[in-house]
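Hi everyone, thanks for coming.

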Amino acid sequence: MSSWPLVGRERELDRIVAVMTGRAAPGLVVTGSAGIGKSRLLAEARSRAEVGGVAVNWVFATPGGIPLLPFAHLLPPQGGELTRTLTGAAARIAGSGALVIDDAHLLDPASDALARHLVAGASVPVILAVRGEAAGWWRDLARIALEGLTERDTAELLSAALGGQVESALPAHLLRLSGGNPLLLRELVEAATLTEVNGVWRLLQPIFEDANLPSAIAARLDRLPPAVRAAAELVALAEPVGAELLERLITPDVIAELESERLLTTVPDRRRHLVALVHPLYGEALRATLPPLRARDHRRRLAGAVEAAGARRRRDRVRIAVWRVDAGVAADPALLRGAAREASEALDHELAGRLLQAAVDADGSFESRLALVRELPYLSESARAIELAREIEADAPDDASRARVLTARARVHLIRGEVGEARDTLASAARTTADPRARLRLEIGRASQALATGHIGESVELADRILERHSADPEVLAALAVTQVRALACAGRTRDAIALAQGALDGLDSPRAELIRMALLQALALDGRIADAIELGRSALDAAATGTAATWRAYWAHDLGQVLLLSGRPATARRWLREALAVMPIHGIVASPQMWGLDALSEAESVLGDAYRAARAMERLRAALPGGYAAPRRSGSVWARYADGDLTAAVDLALTQGAELERVGSLLMASWVLHDAARLGAAATVADDLRRLASSCQSTLQGLMARNAAALAERDAVALDDVSREAEAGGCVLWAAEAAATASLIHQSEGRPGSAMASSARLKELSAGCEGARTPGLSSPPALLTRREYEVAGFASRGLSDREIAERLHLSVRTVHSHLYRVYRKLNIEHRSQLPGTLAP
């Protein structure tokens, strides 16, 4: 990070360069706080001006008051009376180019007079940098007031400085700490330990340690009296903290000293008066330097005070449990289990595991151990979970409790990829108990298990039986909706999926609602309501900030990335998918999002032309896919073959995988991959199957796939124009562009130049939003070339010789020659060197 780029200042930069080069009025003042980037901006402007042939002199004002010292290097050699010196200096400077005066508010009186004379004479462009507001004689000059960086600026700066994608929550976090000050931002980044995880830079630990505090922060804290610093530490551990609670823990005189030191601020809250440290950096620094024994004492006091106040806030139970465990103070195991459940539902599995281990250490009860079994897989300890489940099965007080243990163990087996053991364990649990509620939970578990392994039809059938009996039970609806909204959508019953999600969400206020909303996003997209799905995903991402919410953010990014890919924005989709796969706690998740996310990432990389990264994503998926699981999404492997140039293999794979998906009841996903085959040139082969699948499903999107394939198969340009308009209206911009491209070519070949021009104009407008996607449909040849001709032409456009193409496709060299000859004639070109431009989108 030796050279940070200048971001977010283009407009200001243009104005300064215009002044330096004489294209604007010669006087300009740049104001802003210390570290805001005034000098950096002026240095960049000087570089640009000097490239244009304009010399720029630089004057640094310094405190001290020695007359004309800042201008010493520009003064004429002879000394003498001050007025004569100033006049000579002004004449000399006026002929030497533009002038920058940095920290002009520090100029001594003589230098200030010289600067004022130069500006008044307008004989030389003068730009002054002033800390704070313009309050001197320069207040009447044209002014640029530099503001702090925005979140977008911060993200761009971090990405450029680190040389790669950054986790989307990181810019907001660092912006909050730095206040948008570039100098402080740089100090924070250089103090932080940033880690690259699967191509995404992340902050995995607190920024500060005792040895790397910014000097200004360290100096401010070091001069605090011991009692005041201890009080500030307590606030840092609890912020935002209620004022009443603070008054119980800290004496009035110490609170008064905190306020006189300007360390406290109020936090907006409708019901309570909350207090926090005035700047988040103080909290970071105090927590980093807190001595262990004093930290234990602070946490013990906080836990006692919040308990005494009634623990009324939503997260109080978790905070009390954490403070007691961290302080080494005994805590009620029931409190620890309840807090662990809240932490787990918020996806903070590390904290949940720590609290449950403390509960087990405290009482070793059946309930504590069973809760720990459920949490251990999320901590990559599934083997220990199996062992512990077998140990406590013998301690189950009744059959219903034993069924709970077996259900937990079945889930662990599923996570480990032991599908047979998972099924057998659930079956054993069903035989174990006659309790109606326990058996109902087992039925819901079987439906979830079937979805997890990719058996969509089985999952939907099991869920339908449950809903026939319990459709009015809100608890059952919520439990089923977490998995069945996705299952129904994959089966093509998208309207039923949306209705189930909306019914389950009615009045539901728990972390489970977040999971149902994620499933709803997928159902909306697969139904064809792309804009609604994107709006839901983006609003959820905006709501999820940092901390434990970062995990929720990763899940939302995962689902939103897939919807954006469907909408035809592969570059944006790739960014979200990369982040999701880097941030999500992959271990311990049934139906791991890797099966969806890596496949979608491979498709995004493929259509953006990166065959290597597409193949890497598929290798990661194959390595992560447990035995007995059927991946529910199959397009990535198809497009990876296309990106590698093997169009025939891509189509053959799509046909095979479409049949497999239909066999397990995933009718919509079968349509999706068969539609990929149509887009790759096999529309005639799949059109009837797509029409048949669409007729038995509810999805508007599925109907669009069928109509697109039929129009491609029949070379119906008018129908393709209709498909293009419908796809655009539905939010599938890439499909719309492909249909317009093919329609234009068919219109042209059939002698309708006006229609061809209209379709071509539509293609130009649509392709601008496709973010550089490269597909056969965008480059049009599938309407002219056979699949094999397109394949051979693709390899030739990438520089392979005829012999290399022959070996790659298992053809004779003569056959390759023949294919290329026909390609040249159809595309009206004369040589293979013209292929790249002709085949490019």
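Let me start with how charges are counted: Lys and Arg are positive, Asp and Glu are negative, and His and the chain ends are left out. Each charge sits at NZ of Lys, CZ of Arg, CG of Asp or CD of Glu. On that basis the chain has 99 positive and 103 negative charges, and their mean positions are 1 Å apart.

A quick word on where this comes from. It's a predicted model, so local features need pLDDT of at least 70 and side-chain atom pairs count only at pLDDT 80 or more, while totals for chains, interfaces and linings use all residues. Numbering runs from 1 along each chain as its sequence is written, and side-chain values use heavy atoms, without hydrogens and water.

Now the overall picture. We have 42 helices and 11 strands; those are DSSP runs numbered from the N terminus, H or I of at least four residues for helices, E of at least two for strands. The C-alpha atoms fill a box of roughly 100 × 85 × 45 Å along the principal axes. Of the 841 residues, 55% are buried, and buried means under 20% relative accessible area, exposed over 50%, partly exposed in between, with a 1.4 Å probe and protein chains only.

On to a sheet. Five strands make an open one, in the order E2-E3-E4-E1-E5, with parallel pairing; strands pair if DSSP finds at least two bridges between them. Strand E2 (56–60) and strand E5 (142–145) are at the edges with a single partner strand each, so one side of each has no neighbour in the sheet. From one strand to the next, the twist averages 20 degrees. Inside the sheet, E3 (98–102) and E4 (126–131) pair over three bridges, and Ile101 is opposite Leu128 in E4.

What packs on this sheet? Helix H1 (residues 10–20) does, touching E1 (27–32), E2, E3, E4 and E5. Touching, or contact, means heavy atoms within 4.5 Å. The direction of H1 makes about 150 degrees with that of E5, where axes are lines fitted to C-alpha atoms, for helices over the stretch in contact, and angles run from 0 to 180 degrees between N-to-C directions.

Last, two residues. Glu261 lies in the loop between helix H11 (252–260) and strand E10 (264–267). Is Glu261 buried or exposed? Its relative accessibility is 19%, so Glu261 counts as buried. Leaving aside residues up to four places away in sequence, Glu261 touches Arg220, Arg223 and Leu224. Gly121, in helix H4 (residues 109–121), counts as partly exposed because its relative accessibility is 46%.
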